[in-house]
Amino acid sequence: MKATLHNKNILLGVCGGIAAYKSAELVRRLQDAGADVRVVMTSGATEFITPLTFQALSGNPVHTDLLDTQAEAAMGHIELARWADLILIAPATANTISRLASGRADDLLSAVCLASHSKIAIAPAMNHVMWSSSVTQQNINLLQQRKAVILGPASGMQACGEKGEGRLLEADELVAACSQLFKQGLLQGVSVMITAGPTHEPIDPVRFIGNRSSGRMGFAIAEAAVEQGAIVTLVAGPVQLTPPLHVTQINVETALQMQQAVMKHIAEQDIFIATAAVADYRPLDAQTQKIKKTGADLTLSLTPNPDILSEVAALDNPPFTLGFAAETQHVKDYALQKLKQKNIHMIAANQVAHEDQQDTGFNSEYNALQIFWQGNGQGGEQTLERCRKTELARQLLTLLAKQYYA
Ligand code: C5P
């Protein structure tokens, strides 16, 4: 499987060795694999390569000091330790390895390592005699006992002109090794686009036609997809929800804007999930000035909006498509009809406004779904019982992943 670090926060510790220049390339390769990278440099490292290089490459401020009040106020060692999914130290010098083994915390890198629950990967680089010395080997054994992962070193020609074991692994080898440290999700590296929320269709500058969709189901699916390693784009109508982490969110108001945002990025998507409650109609002529009240009846002319999901499903090379159906009656019949009419792979149906259900569906934390799919010649169905939308989203994506790979 291709190395992927999507949605992963990697704290790269750079120590003061001649191989420090190779870490600049490593930042790029980690980013290419999808990681968010922050860099901590030891004071020795700053003698070999400037913090500015890493700042420009990583797009984040570089951290060098433990006792700098300003730096600690921006993102202190505890926050850095919490932020990191993985701490990768490359190159790791004999000195840093020894400091980590003895549990020191008197510089930023050692303090962050001590304060972190995350995995620590150490890529040593040093002269082959330093590497093979018994004290370095004892330190490495100690760190391995504490669950640190040692990557390399490789053998070959060294900066000192001698041959031996102690070269930093190549950037691509380090990225591949880091990727293997993470559990691969069901949708690892798969691009997923999700529409969510209502749309607002303007009548005039102060009024619109809208609906009661909260966007919660779509946002929960976006979070569940991130958990499963997907690369997520969320096209959201007007909602009052916190943007999920590691998601590219595009905010829109109207159905036409949603259609435009979807179509602009659909070619890169493997899966399209339409949870949005798109308005079926929009006012034909939205007024540019506020409509004044009169005593007379007012008639609004409406025109149909494009059906975004059908449009995506009708593309020459469509992604895997999952639609939603909110029905008040005959849920199964209508859902199956919709599956065929829109020619989509899967549909999730929920019954809204049923007299037995107080807190389910459109504007609730809870939902229950009946899922139907068209397989290769053989379709299927499954009911997902009422539960929190966050949990429901996980179950739905497990089902979807099965059909996507079938
Ligand atoms: O046809 P109906 O509106 O019932 O279909 C609902 C499904 O189609 C949902 O998945 C919804 O997100 C999608 N849809 C769409 N564009 C529209 C209307 C519905 O993508 N204009």
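## Sheets and helix packing

In this predicted model, five strands form an open sheet of 5 strands in the order β2-β1-β3-β4-β5, with parallel pairing; two strands count as paired if DSSP finds at least two bridges between them, and the strands (E, at least two residues) and helices (H or I, at least four) are DSSP runs numbered from the N terminus. At the edges stand β2 (36-41) and β5 (149-150), each with a single partner strand, so one side of each has no neighbour in the sheet. Within this sheet, β3 (residues 86-92) and β4 (residues 119-124) run parallel and are joined by 5 bridges, and Ala-92 stands opposite Pro-124 in β4.

Residues are numbered from 1 along each chain as its sequence is written, and side-chain values use heavy atoms, with hydrogens and water left out. Because the model is predicted, local features need pLDDT of at least 70 and side-chain atom pairs count only at pLDDT 80 or more, whereas totals for chains, interfaces and linings use all residues.

A second open sheet has 8 strands in the order β12-β11-β8-β13-β16-β17-β18-β19, with mixed pairing. Its edges are β12 (247-251) and β19 (380-388), each with a single partner strand, so one side of each is left without a neighbour in the sheet. On average, neighbouring strands of this sheet are turned by 15° against each other, direction ignored. Helix α11 (residues 216-227) packs on the sheet, where it touches β8 (191-196), β11 (231-236), β12, β13 (271-274), β16 and β18 (366-373), and its direction makes about 170° with that of β11; contact here means heavy atoms within 4.5 Å, and angles run from 0 to 180 degrees between N-to-C directions of axes fitted to C-alpha atoms, for helices over the stretch in contact. Helix α14 (residues 331-341) lies across β16, β17, β18 and β19 and runs at about 150° to β17.

| Strand pair | Bridges | Direction |
|---|---|---|
| β3 (residues 86-92) and β4 (residues 119-124) | 5 bridges | parallel |
| β16 (residues 320-327) and β17 (residues 346-351) | 6 bridges | parallel |
| β6 (residues 154-157) and β7 (residues 163-167) | 4 bridges | antiparallel |

In the hairpin of β6 and β7, which has 5 residues between the strands, Gly-161 takes a positive phi near 95°, while Gly-156 has Gly-164 of β7 as its bridge partner.

Helix α1 (residues 22-32) packs against helix α10 (residues 171-180) at an angle of about 45°, with their axes 9 Å apart. That makes α1 oblique to α10, given that angles under 35 degrees count as roughly parallel, over 145 as roughly antiparallel, 65 to 115 as roughly perpendicular and the rest as oblique. The contact is made by Glu-25, Leu-26, Arg-29 and Leu-30 of α1 together with Ala-171, Asp-172, Leu-174 and Val-175 of α10.

α1 also packs with helix α3 (residues 51-58), at an angle of about 15° and with axes 10 Å apart, and the two helices are therefore roughly parallel to each other. Here Ser-23, Ala-24, Val-27, Arg-28 and Gln-31 of α1 meet Thr-53, Phe-54, Leu-57 and Ser-58 of α3.
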